[in-house]
Amino acid sequence: YDEAEANEKVEAALEKIDEAAGILAGGGLVAFPTETVYGLGANALDGDAVAKIYEAKGRPSDNPLIVHIARASNIGELTPALTPKIIRLVDNFWPGPLTIVLPKKQNIPDITTGGLDTVAIRMPDDPVALEMIKKAGCPVAAPSANISGRPSPTKGEHVVNDLDGKIDAILIGSDCRVGIESTVLDLTGEVPTILRPGIITAENIEAAIGGKVEMDPALYVNRPRDVSDGENNDFIPKAPGMKYTHYAPKAEMTVIEGQIDRVKNEIQRLKGLNERLGLKVGVILFEEKAFIEAAHEFFAKLRDLDDEGVDLILAGALSEQDGVGFAVMNRMLKSAGYNIAKV
Ligand code: TXA
Ligand code: MG
């Protein structure tokens, strides 16, 4: 990690902030860095501007966007009632990778929230993002700045590869420190519920609010489907189902799950087997308990392997007992279309 180079990128981006803010205020699209992944922003209160986000990404219009603010105190412009719980969460985790879902105010267009009567709000922890939103003078709706279905972008070059020429500007800042998208926490029900796991875990949130947090049961659907069940143990992993195109690399991908040494052996065995058949094999294998590092690197690794033109990706599973491990596994399993082999 080159800190001087990162600082230079941030300086260069800050010089382009006025221009970027002007584009946002005028109804245009700007990609920008955050600490999680790069975002593709538009004025959240301008329905026509937000419509362009869906078009540029090729995103289904019923998938709501996160609204980004630069001052925690701006939350009251988006949601009608603040509870002590919300205030505690904001104090503990903002700016940072926690998105909270709350009842929405009527001034937010339907297209921003995918027709829902709730809104997802977050204050990102990135100097370029915060300065841009402040100068734009409006809340900024932003999904991840990738073409829909591709791995989320964690470096400026990923955004350039996906969106250059399709949007009005790209602010290139630091590589994303976190590397997976924010934790999405729904606060509209009785019990706070995690809809998307991230680097801020259920335990972190429980410690902050002093109460129970639930996981959305949908997070456990499709998990696991064991493709190694069957007669032939020397299977050649198959393409994931067409239904699961989230974060999909171009290559076929299988997650190998089990005790770490067995996983390593199985990856070597399958790699050899497939290479003898003339296939190019990429491996994603993180240190056993390096969950934060895995989060930081996972999406970038997928893109690198795609660029290398591998046919098959073999990935070692992380422990889902750990909250961050669970969050990375959520992305890994989606990328692989829930193609899992147990050893
Ligand atoms: O880290 C992040 O959250 C990044 C950066 C750019 O901030 N953004 C991001 O946005 O990941 P996106 O659009 O790729 O994912 C937003 C997620 C989706 O799963 C969406 O369905 C959910 O948040 N979401 C947004 N608004 C919601 C709402 N009102 N209720 C429930 N889920 C919502
Ligand atoms: Mg996304």
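Which side chain meets that of Arg269 in a salt bridge? In this predicted model, the partner is Glu266, with an N to O distance of 2.9 Å; a salt bridge is defined as a side-chain nitrogen of Lys or Arg within 4 Å of a carboxyl oxygen of Asp or Glu. Both Arg269 and Glu266 belong to helix H8 (residues 260-276), where they are three residues apart, about one turn of the helix. Helices (H or I, at least four residues) and strands (E, at least two) are DSSP runs numbered from the N terminus. Arg269 is partly exposed at 33% relative accessibility, whereas Glu266, at 12%, is buried. These classes follow relative accessible area, with buried under 20%, exposed over 50% and partly exposed in between (1.4 Å probe, protein chains only).

Residues are numbered from 1 along each chain as its sequence is written, while chains are lettered from A and ligands numbered from 1 in the order in which they are written. Because the model is predicted, local features need pLDDT of at least 70 and side-chain atom pairs count only at pLDDT 80 or more, while totals for chains, interfaces and linings use all residues; side-chain values use heavy atoms, with hydrogens and water left out.

The protein contains ten helices and 14 strands. Its radius of gyration is 20 Å, close to the 20 Å that the globule rule gives for 343 residues, so the protein is as compact as a globular protein of that length. The radius is taken over C-alpha atoms, and the globule rule is 2.2 Å times the number of residues to the power 0.38. The C-alpha trace spans about 60 × 45 × 35 Å along the principal axes of the protein. Of the 343 residues, 53% count as buried.

Side chains of opposite charge can pair when their charged atoms come close. Across the whole structure, 14 salt bridges are found. One of them joins Arg177 to Asp125, with the closest N and O atoms 3.3 Å apart. This pair links distant parts of the chain, 52 residues apart: Arg177 lies in the loop between strand E7 (169-170) and strand E8 (183-186), and Asp125 in the loop between strand E5 (118-122) and helix H5 (127-136). Arg177 is exposed, with a relative accessible area of 51%, and Asp125 is partly exposed at 33% relative accessibility. Within helix H5, Lys135 and Glu131 are four residues apart, about one turn of the helix, and their side chains form a salt bridge at 3.7 Å, N to O. Lys135 is partly exposed at 45% relative accessibility, as is Glu131 at 28%.

A patch of negative charge on the surface comprises Glu157, Asp304, Asp307 and Glu308. Patches are made of residues with over 30% relative accessible area and no salt bridge, like charges being joined within 9 Å and nonpolar side chains (Val, Leu, Ile, Met, Phe, Trp, Tyr) within 5 Å. Accessible areas come from the Shrake-Rupley method with a 1.4 Å probe, and for residues only the protein chains shown count as cover. Lys and Arg count as positive and Asp and Glu as negative, with His and the chain ends not counted; the place of a charge is taken as NZ of Lys, CZ of Arg, CG of Asp or CD of Glu. Helix H9 (residues 291-308) supplies the largest share of the negative patch, three residues. Asp307 is located in helix H9 and is exposed, with a relative accessible area of 58%.

Most residues other than glycine have a negative phi, and most peptide bonds are trans. The peptide bond from Trp94 to Pro95 is cis, with omega near -10°, and Pro95 lies in the loop between helix H4 (84-93) and strand E4 (98-103). Tyr338, a residue other than glycine, has a positive phi near 60°. Tyr338 is placed in the loop between helix H10 (323-335) and strand E14 (340-342) and is buried, at 10% relative accessibility.

Two further residue pairs were examined by C-alpha separation. Asn7 and Gly173 are 166 residues apart in sequence and 8.3 Å apart in space, C-alpha to C-alpha. Asn7 lies in helix H1 (residues 3-15) and is partly exposed at 43% relative accessibility. The C-alpha atoms of Asn204 and Asp216, twelve residues apart along the chain, are separated by 17 Å. Asn204 is found in helix H7 (residues 202-209) and is partly exposed, with a relative accessibility of 33%.
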